[in-house]
Structure formats: structure tokens, C-alpha cells
Amino acid sequence: MKNRLLFQALAKFLAGVVLVGALLFIPAGSLRYPHGWVLMLLLFIPMFCAGCVMMVKNTQLLRERLDAREQEGEQKRVVALSGLLFIGVFVFSGLNWRFQWHLLPDWCCLIAAVVFVGSYLLYAEVLRENTSLSRTIKVQDNQRVIDTGLYGIVRHPMSTATTILFLSMPLVLGSVVAFLAMLLYIPLIIRRIKNEEAVLAEELEGYREYMQKVRYRLIPFIW
């Protein structure tokens, strides 16, 4: 069983590397796209390390993170739209480099890379705090409401981390236009969160009380 999980994790990881690489470097028309390599390293090295840690310490969490089959119709639509958005952002960033349209200065890309790493650390902390996290919206057996740590600040710290991470990606790639396009992710994540909360309030004991205790969903003092 563990060998099968390892094979599944490696297969998905390698597929992700190949897909993102193709979406970046084919439109760029060259492998000499330094911003693309920086993003690949920032994205996949921490992902590989996190997978190794989960494989050793928490195979159930790894199994849940690999499960991407949404059951909710609303969530399926959000995931599909998000996927199309990411494809567009990667392709446009590659084209932006190829034709030298509107390239951001290196210092801006460096700051974005630092923000990207910070959001990954935030992501890792959320995984540490909540071992019931799944990529899909569902309530697991014996799942309980987490209301401490980051969950005592906002109700969806994982969404906070991934939103910052996703918004920083086109800036790492040097494309301000791709960043403006990625802003479309914000209404998508809001739509996802509202649907997720409707499911959790209905199916997870104590979640309604938690919603009253922690006021903000995504960003403290804003929403």
C-alpha cells in the first residue's frame, strides 16, 4: 500500500513538472528563460520536500493531498476555471519573455520570489496545524474544528497562503499583464470558500460556532 502511494505521488509530481515546464518553455521558444527556471525551482523543490516529509510522517495526509476528485458541482466548476486561468498565465508569461513585451525588472521578480517562499512556509504551517486537510471539499471521519494558531486568525489560512503564492507566480515570471490576469483567481477563491463553508456548516459539528468565533475568512480585518 505504501509503495503504491509512493508511486502515485511520484507520478503526479513528475507530471506536474513536465506540464508546467511545457506551458512555460514552449511559449518562450527556448529553455533560456531564467524566470521560468526560478519558478520551477521555487515551486517543485519545496513540493518534493513536503511530499517526502508526509511520506515518512503522515501518509494519510499525503493521501488526502493527492485526492483531487471534487464531488461538489460548484467546486468542480471553480477547479476547472482555475485550471484554465493557470494555463493562460503560464503561456502568456512564456510569450511575454519570448517577444519581450512588458518585462518586470529583476528586483521586482526577486521580491516576488521572497513572497512566494514566505507563502510556501505559511502553507507548510497550515499543514502542520491541520492534518485533516484535503484538496477537495469533504468532511472526514473524526474530523474536528481547528480554532487555534492560524485558524484563530482566519477561517481559511490555506486559501490565504495559496492566494498569495498564486498571485506572486506571474511576478516571479516577470509579467505584470499575467499578474493582472491572475487577479481573476480572487473571485474564484471567494466562490470556493463560500461553497466550502456551506458544506462544513451543514456537515461538520461545531463549525457554525467557529464561524461566529473567527470573523474573517481570508484576510484579517478585510474579509
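Start with the cysteines: the disulfide count comes to zero. This is a predicted model.

Select Cys108 and Cys109. The closest cysteine sulfur to that of Cys108 lies in Cys109, at 5.8 Å. A disulfide needs sulfur atoms within 2.5 Å, so this separation is too far for a bond. Cys108 counts as buried, at 18% relative accessibility. Now select Cys49. Its relative accessible area is 43%, and Cys49 is partly exposed.

Next, show the whole protein chain as a cartoon. Of the 223 residues, 47% are buried. The chain exposes about 12,500 Å², with 66% of that supplied by carbon and sulfur atoms. Look at the contacts too. Of those between residues at least 6 apart in sequence, 77% join residues at least 24 apart.

Now select residues 2-28, helix α1, and residues 34-57, helix α2. How are two packed helices described? By the angle between their axes and the distance between the axes. Here the angle is about 170° and the axes are 11 Å apart. An angle over 145 degrees counts as roughly antiparallel, so α1 and α2 are roughly antiparallel to each other.

Show side chains where they meet. On the α1 side, pick residues including Leu6, Leu10, Phe13, Val17 and Phe25. On the α2 side, those in contact include Trp37, Leu39, Phe44, Phe48 and Met55. By class, this contact has 15 nonpolar, three polar and one charged residues. Finish on Lys2 and Gly16 in α1 and Gly36 in α2, which also belong to the contact.

Notes: Residues are numbered from 1 along each chain as its sequence is written. This is a predicted model: local features need pLDDT of at least 70, side-chain atom pairs count only at pLDDT 80 or more; totals for chains, interfaces and linings use all residues. Side-chain values use heavy atoms; hydrogens and water are left out. Buried means under 20% relative accessible area, exposed over 50%, partly exposed in between (1.4 Å probe, protein chains only). Contact means heavy atoms within 4.5 Å. Accessible areas come from the Shrake-Rupley method with a 1.4 Å probe; for residues, only the protein chains shown count as cover. Axes are lines fitted to C-alpha atoms, for helices over the stretch in contact, and angles run from 0 to 180 degrees between N-to-C directions. Helices (H or I, at least four residues) and strands (E, at least two) are DSSP runs, numbered from the N terminus. Angles under 35 degrees count as roughly parallel, over 145 as roughly antiparallel, 65 to 115 as roughly perpendicular and the rest as oblique. Ala, Val, Leu, Ile, Met, Phe, Trp, Tyr, Cys and Pro count as nonpolar, Asp, Glu, Lys and Arg as charged, and the others, Gly among them, as polar.
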